[in-house]
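Please read this briefing alongside the sequence and the 3D view.

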Amino acid sequence: VYAALLTQQGRVVSDLRIHAAADHFLLDLPAHVAGAAIAALEKYIVADDVELEPVEAVLVGLEGAGAAAVLAAAAGGATPSGLAALEIAGQAVTCAPGGVAGGPGVVLG
């Protein structure tokens, strides 16, 4: 889901995409606001067992009607419908649905 992270005063920290997996969430946001985002989110952790871990990754987007076919060819036929771990060219890759340009696509990181 596309979202906005706000301070307690309602000021925008960053826009971001939130991807849900079975046991964690992945927040996709610009690297230059990661510190401010973690600081803002830590203020809301009260009693739950929550860990915030920054992950640096280079993201590559596959956009357009052929994105799923290109992904399947590169990932040995895998066609995930949600957040998934894949292997492409021997490398572990996280695949998240949703194109940046608003059409069909995926983001790989």
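The points below move from the whole chain to its sheet and then to one of its helices. The model is predicted, and the values given here were computed from it. The chain contains 2 helices and 7 strands, which follow one another from the N terminus in the order β-β-β-α-β-α-β-β-β.

**Overall dimensions and burial**

- Taken along the principal axes, the C-alpha atoms of the chain fill a box of roughly 45 × 30 × 20 Å.
- The chain has 109 residues, and 23% of them count as buried, a class that takes in residues with under 20% relative accessible area.
- The accessible surface of the chain amounts to about 7300 Å², and carbon and sulfur atoms account for 58% of that area.
- When contacts between residues at least 6 apart in sequence are considered, 32% of them join residues that lie at least 24 apart.

**The four-stranded sheet**

- An open sheet is formed by 4 strands in the order β4-β7-β6-β5, and the pairing within this sheet is antiparallel.
- The edges of the sheet are taken by β4 (60-63) and β5 (84-88), and because each of these has a single partner strand, one side of each is left without a neighbour in the sheet.
- Neighbouring strands of the sheet are turned against each other by 35° on average, with direction ignored.
- Within the sheet, strand β6 (residues 91-97) pairs with strand β7 (residues 105-108) in the antiparallel sense, over 3 bridges.
- In this part of the sheet, C95 has L108 in β7 as its bridge partner.

- Helix α2 spans residues 67-74, and its buried residues are A67, L71 and A72.
- The face of α2 that is turned away from the buried side carries A69 and A73, both of which are exposed.
- The buried residues of α2 pack against β4, β5, β6 and β7, and these are the strands that make up the open sheet described above.
- Just after α2, the backbone at G76 takes a positive phi of about 65°.

Note on methods
Residues are numbered from 1 along each chain as its sequence is written. This is a predicted model: local features need pLDDT of at least 70, side-chain atom pairs count only at pLDDT 80 or more; totals for chains, interfaces and linings use all residues. Side-chain values use heavy atoms; hydrogens and water are left out. Two strands pair if DSSP finds at least two bridges between them. Axes are lines fitted to C-alpha atoms, for helices over the stretch in contact, and angles run from 0 to 180 degrees between N-to-C directions. Buried means under 20% relative accessible area, exposed over 50%, partly exposed in between (1.4 Å probe, protein chains only). Contact means heavy atoms within 4.5 Å. Accessible areas come from the Shrake-Rupley method with a 1.4 Å probe; for residues, only the protein chains shown count as cover.
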